[in-house]
Amino acid sequence: MSSIEDIMKQMRTNPKGIRFKDLRQVCDSYFGKPRTSSTSHRLYKTPWPGDPRVNIQNKKGMAKAYQVKQVLRAIELMEVERDTGE
């Protein structure tokens with residue numbers, strides 16, 4: 001199993017090549033348990049309304065590239081808010 005840091009590095013370099021289970025692991029680590037999950041979608045709660053949303057989808061074992069990018073933006077926003085104390 002890859003570490004969160006390894007997966008994040010791969011997400012930044014190749015968002016098209018991310019396995020759903022790896023993206024799920026990152027999201028669980030940053031956002032906690034999903035508020036909804038079905039067989040193909042998982043929706044995570046964020047501390048802000050609207051975008052970037054954290055809604056990931058399993059497509060034949062892979063994550064969708066645009067959702068990987070949304071997760072990266074959400075993580076960056078969380079880190080900025082944490083660093084600025086907002």
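Biologist: What makes the contact between arginine 19 and aspartate 22 a salt bridge?

Modeller: This is a predicted model. In it, the side chains of arginine 19 and aspartate 22 meet at 2.8 Å, N to O. The cut-off is within 4 Å, so the pair counts as a salt bridge.

Biologist: Why is aspartate 22 called buried?

Modeller: Its relative accessible area is 4%. Buried means under 20%, so aspartate 22 qualifies. Arginine 19 is partly exposed, at 38%.

Biologist: How many salt bridges are there by this rule?

Modeller: The count comes to two. Arginine 42 and aspartate 28 also meet in a salt bridge, at 3.6 Å, N to O. Arginine 42 lies in strand E2 and aspartate 28 in helix H2, so the pair ties together parts 14 residues apart in sequence.

Biologist: Are those two residues, arginine 42 and aspartate 28, buried or partly exposed?

Modeller: Arginine 42 has 16% relative accessibility and counts as buried. Aspartate 28 has 30%, so it is partly exposed.

Biologist: How do you know that the span of helix H2 agrees with its length?

Modeller: H2 has 12 residues, 20-31. At 1.5 Å a residue, they should span 16 Å. The end C-alpha atoms are 16 Å apart, so the two values agree.

Biologist: Which residues of H2 are buried, and how do you know that they lie on the same side?

Modeller: Phe20, Asp22, Leu23, Val26, Cys27 and Phe31 are buried. They cover an arc of only 165° around the axis, which puts them on the same side of H2.

Biologist: What covers these buried residues of H2?

Modeller: The cover includes helix H1, strand E2, E3, E4 and helix H3. Phenylalanine 31 touches Tyr44, Val54 and Val71, among others.

Biologist: Which residues touch the most other members of the largest nonpolar core?

Modeller: Met11, Leu23, Val26, Cys27, Phe31 and Val71 do, out of 20 residues in that core. H1, H2, E3 and H3 each give two or more residues to this core.

Biologist: Why does glutamine 67 count as buried?

Modeller: Its relative accessibility is 2%, and the limit is under 20%, so glutamine 67 is buried. This residue lies in helix H3. Its side chain reaches the backbone oxygen of asparagine 55 at 3.3 Å.

Biologist: What makes the phi of lysine 60 worth a look?

Modeller: Phi of lysine 60 is near 55°, a positive value in a residue other than glycine. Most residues other than glycine have a negative phi.

Terms used: Residues are numbered from 1 along each chain as its sequence is written. This is a predicted model: local features need pLDDT of at least 70, side-chain atom pairs count only at pLDDT 80 or more; totals for chains, interfaces and linings use all residues. Side-chain values use heavy atoms; hydrogens and water are left out. Helices (H or I, at least four residues) and strands (E, at least two) are DSSP runs, numbered from the N terminus. The expected span of a helix is 1.5 Å times one less than its number of residues. Buried means under 20% relative accessible area, exposed over 50%, partly exposed in between (1.4 Å probe, protein chains only). The arc is that of the directions from the helix axis to the C-beta atoms. Contact means heavy atoms within 4.5 Å. A polar contact is a pair of N or O atoms within 3.5 Å; within protein, one must be able to donate a hydrogen and the other to accept it, and residues adjacent in sequence count only if both atoms are side-chain atoms. A nonpolar core is a set of buried Ala, Val, Leu, Ile, Met, Phe, Trp, Tyr and Cys residues joined through side-chain atoms within 4.5 Å. Lists of a residue's contacts leave out its neighbours within four places in sequence.
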